[in-house]
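Biologist: I would like to learn how to read cavities, pockets and strand pairing in a model. Shall we take them in turn?

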Amino acid sequence: MKKAKKILIPIIAVICVVALGFASYGAYLLFGVYGIEFKRTYPQSAIVEENYDNRVKFDQTGTTVIDDEAQYQTMDGFGASACWWGQNVGGWDNCEDILALLYDDEKGIGLNVYRYNLGAGSADDESIYAVRSRTESFLKNDGTYDFTADANSQNALSLAKKIAGDDLRVTLFANSAPVSLTKNGRAYSSPPENADEPNATNLDPSNYGAYADYLYTVAEHFLNQGYKVTDVSPINEPQYAWRGWYNEDGSISMNQEGCFYSEQDALALYKVLIEKFKGSDIDEKGCKLSLFESGAAEGRNTVFSNYANVLLGRQKEYAFDNIPLRRYFDTISTHSYWSATTTKKRCALLLADKFPNYDVICTEYCQMTNDSSTGVIDLIEKEGATNGMTIEYGTAMADVIIDDLTILNAKEWDWWLGCSFGVYTDGLVYLNDDDHSDIQTSKRLWCLGNFSKFIDEGAVRIAAGSGVKKLPVCAFRNPDGSTVIVYSNSTENDMNTSIADIDFNSCEVYTTSAEYDLEKTADNTTLTDNVISIPSQSVVTVVLK
């Protein structure tokens, strides 16, 4: 009998271990740790792949093919931010004329996304040396709200809505929590006392709830004003230190508002924010939180993947803690800085493998003067201080847009500053404080218009190939049934491509080049054999109806 017990005990132990294993695995499935989830797979187009493989290597003539059966993301649209200029320009007599260049379909490029900067209240902080980067806040130090603040910015937004219509999509984004909520009473972190001091967030966890209340209250205000607020973005580029620095005289300087959040900081904050927003009245009106806006789109073993893993990953160390985020978010936001084509391909592989259920929006980009992936770094270094007004900067930007739309499947693409002052490659339109009538449009403005003016909200991207090497292309089917094809030729060679096997009643061609600013250059009455001319250094849009 004792011998039987000795045999039975190990068997029972093994059964218990196995049962415990199955129970644990069941728990993992239940809570989504390993979970069986829908895997989004983007279609491949045999005819587009064949078209790509058959490109003549050094020829500048090809045949464009599109495949309606291979469909990808549905577009929300294109936009720009009013950060740092709306608060001035909103008070100018010709503000509406300036905004028309951005948001009017006829006079401008027809953007439909307006990114409104929720200032942190640094207006009186002289340590922020760029006066234009100081902002007002709706939340006062005594905890009350003043929605008469930031009046010029609100006026600029109002005029943009007047121009674009009620369907203008508005994103409210914050670089920092209001100064009344931050640890040091500033809109950025204090300088480190020693070189080894780690980065630290400037928002204490005890104020996460107050920050959530602030964002909710402000979003509710703009919704009640009749704006279509679709997104509230509480965290901007959290991976950066956003610290001031000491000057020789012991004073502190900083260039703009900003706030660092570690991956765990961001996770804890979002859990509080989601509790406030999810299922709320503004949630029912279509206003959602945006997931952190990463400074770059990257692949595995990067800062981007570290944040994504903690916030959305299903690994054992994160999965139980981030359940609220995985159940709430369906979109990942990223900026397009520091991300070459190969980098974005690695990012796309990461997303497809580990985060297949999330759409991507690219919410910020400009041509940083130290970013080697812009396509114009050599030109910037040669020219020195420049606004980058020429067509080379426009086609380089168009290449980035096509990469983001076709590699990352971005459903929204936003430029950084709609308007800019001074000398830097960050604006679409350049303005003059001393002469408000001095309005300069960059070629970037019109090249962005080759996309934004013709690709409507609700358009679906379809597979396309230009048939020509070094001629990137993207194509969309609009809700009205029209097809839009956009080519970017950033080379010094003229190119031609015919459109194969497409039935259309009318064809219109719009060109931005050194000679043209988004002008109609051809239609079906002037084309021969459906051949489209793509001049050197140009962006060309073909609209087929």
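This is a predicted model: local features need pLDDT of at least 70, side-chain atom pairs count only at pLDDT 80 or more; totals for chains, interfaces and linings use all residues.

Biologist: What is the volume of the largest cavity?

Modeller: About 70 Å³.

Biologist: Which residues line the largest cavity?

Modeller: The lining includes Ala82, Trp84, Gly86 and Gln87. Tyr114, Tyr116, Asn117 and Gly119 also line the cavity, as do Thr135, Glu136, Asp150 and Ser153.

Biologist: Which elements supply at least two residues of that lining?

Modeller: Helix 3 (86-89) and strand 3 (113-117) each do. Strand 3 has the largest share, with three residues.

Biologist: How does the lining of the largest cavity divide by class?

Modeller: Six residues are polar, four are nonpolar and two are charged.

Biologist: Now the open kind. What is the volume of the largest pocket?

Modeller: The largest pocket has about 1400 Å³. Its lining counts 44 residues. Closest to the centre are Lys345, Asp403, Thr406, Ile407 and Arg461.

Biologist: Which elements give two or more residues to the pocket lining?

Modeller: Four helices and strands to begin with: helix 2 (46-53), helix 12 (341-354), strand 11 (359-364) and helix 14 (391-406) are among them. Strand 15 and strand 16 belong to the list as well. Helix 12 gives the largest share, six residues.

Biologist: And how many residues of the pocket lining are nonpolar, polar and charged?

Modeller: The pocket lining has 24 nonpolar residues, 11 polar and nine charged.

Biologist: Let us follow strand 15 (residues 460-465). Is strand 15 mostly covered or mostly open?

Modeller: Mostly covered. Six of its six residues are buried, and the cut-off for buried is under 20% relative accessible area.

Biologist: How should I think about side chains along a strand?

Modeller: In a regular strand, side chains alternate between the two faces of the sheet. Then look for the neighbours.

Biologist: How many bridges join strand 1 (residues 61-74) to strand 15?

Modeller: Five, and the two strands run antiparallel.

Biologist: In which sense do strand 15 and strand 16 (residues 473-477) pair?

Modeller: Antiparallel, over three bridges.

Terms used:
Residues are numbered from 1 along each chain as its sequence is written. Side-chain values use heavy atoms; hydrogens and water are left out. Buried means under 20% relative accessible area, exposed over 50%, partly exposed in between (1.4 Å probe, protein chains only). Two strands pair if DSSP finds at least two bridges between them. On a 1 Å grid over the protein atoms alone, a cavity is a set of points where a 1.4 Å probe fits but cannot get out, and a pocket is an open set with protein on both sides within 12 Å along at least five of seven lines; lining residues have an atom within 4 Å of a point. Grid points are joined across faces, edges and corners, and a volume is the space filled by probe spheres set on the points. Ala, Val, Leu, Ile, Met, Phe, Trp, Tyr, Cys and Pro count as nonpolar, Asp, Glu, Lys and Arg as charged, and the others, Gly among them, as polar.
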